Amino acid sequence: MPAAATPRAFRARDLQLARALFAAIVAVMITFSPDHSASIGLSVFSGFAIATGLVFLLAAWLVYPAGARWQAIVMGILSIVAGMAGGIPAWRSEVTFVVIVATWALATGLTEALSSWREVRLSRGAPELAVAAREARDGLAVGLITLVLSVALISVPVSYALEYTIDEAGTFTLTGTTIGVGILGGYAAIIAVWLAIAGFSPRPEVDSPSAAPIDDTAEVSSPEDSR
């Protein structure tokens, strides 16, 4: 007799919650850091991208069944490559901050948005795929927000500088890099809240593609079975 299929221990909500955790850490670090330089921005982004990339690669095998792993693998590779590039001290400049983060946001945003949109379309008119459709809609929203991050970073000139004075505090300079790092922190906060809500939302797991059982055994018929 064939062995019973083993249900997956990890599901799509676990990936969402892990991503939310790392994004929340980025939001807190940037919010409470007095230094919003390109070096600090790339340091924080590097850790976030590498950690998120590793989670995606693990999720490719722990969460998704065979045939549905390509998105997680691509997202993981893109994030790790971007994180490693941002971790090179010699590359930490105002220009490279925008280039690395904006390129990562464009690549991963397009990947997540397009693949999620495809899943949303495929699940239309299929009530048994209601959970998969909701997960895909969450992915589509995150992908679009990530694309907005890319556009926002590119829209802020690196050379921008505005001097302003606060009474009894002194004169300060608001630079394009400071705004860019702040935008990254705001993006991380939005993503953290969105994915946390999605991950903690109650849902039945039986119809989710990520809930597909792992069955590595094949049913082999024998002469005794046919008697």
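**Asking how we know: helices, cores and rings**

Me: Leaving aside its neighbours within four places in sequence, which residues is L17 in contact with?

Reply: Skipping those neighbours within four places, L17 is in contact with L195, A196, G199 and F200; contact means heavy atoms within 4.5 Å. The C-alpha atoms of L17 and L195 are separated by 6.3 Å, although the two sit 178 residues apart along the chain.

Me: Before we go on, what sort of model is this?

Reply: It's a predicted model, where local features need pLDDT of at least 70 and side-chain atom pairs count only at pLDDT 80 or more, while totals for chains, interfaces and linings use all residues. Residues are numbered from 1 along each chain as its sequence is written, and side-chain values use heavy atoms, with hydrogens and water left out.

Me: What makes L17 buried, exposed or partly exposed?

Reply: Buried means under 20% relative accessible area, exposed over 50%, and partly exposed in between (1.4 Å probe, protein chains only). L17 comes out at 24%, so it counts as partly exposed. Its place is in helix 1.

Me: And why is F56 called buried?

Reply: Its relative accessible area is 3%, so F56 is buried. F56 belongs to helix 2, and beyond its neighbours within four places in sequence it is in contact with L15, R19, A72, M75 and G76.

Me: How do you know that the length of helix 3 agrees with its number of residues?

Reply: The expected span of a helix is 1.5 Å times one less than its number of residues. Helix 3 (residues 70–86) has 17 residues and should therefore span 24 Å; its end C-alpha atoms are 24 Å apart, which agrees. Its buried residues are A72, M75, G76, S79, I80, A82, G83, A85 and G86. They pack against helix 1 (12–31), helix 2 (38–62) and helix 4 (94–122).

Me: What makes a nonpolar core here, and which residues touch the most other members in the largest?

Reply: A nonpolar core is a set of buried Ala, Val, Leu, Ile, Met, Phe, Trp, Tyr and Cys residues joined through side-chain atoms within 4.5 Å. The largest core has 30 residues, and F45, F97, V101, W104, L149 and L184 touch the most other members. At least two residues of this core come from each of helix 1, helix 2, helix 3, helix 4, helix 5 (130–155) and helix 6 (176–200). Another core, of nine residues, lies apart from it and includes A12, L15, V55 and F56.

Me: What about W104 and Y187: stacked or edge-to-face?

Reply: Edge-to-face again, at 6.4 Å centre to centre and 80° between the planes. That pair links W104 in helix 4 with Y187 in helix 6, 83 residues apart. W104 is buried, at 6% relative accessible area, and Y187 is buried at 7%. F45, F48, W104 and Y187 form one aromatic cluster.

Me: How do you know that strand 1 and strand 2 pair?

Reply: Two strands pair if DSSP finds at least two bridges between them. Strand 1 (residues 161–166) and strand 2 (residues 170–175) have six bridges, in the antiparallel sense. L162 stands opposite L174 in strand 2. The two strands form a hairpin with three residues between them, and E168 in the turn has a positive phi of about 65°.

Key
Helices (H or I, at least four residues) and strands (E, at least two) are DSSP runs, numbered from the N terminus. Rings of Phe, Tyr and Trp (its six-membered ring) pair if their centres lie within 6.5 Å; planes under 30 degrees apart count as stacked, over 60 as edge-to-face and the rest as tilted.
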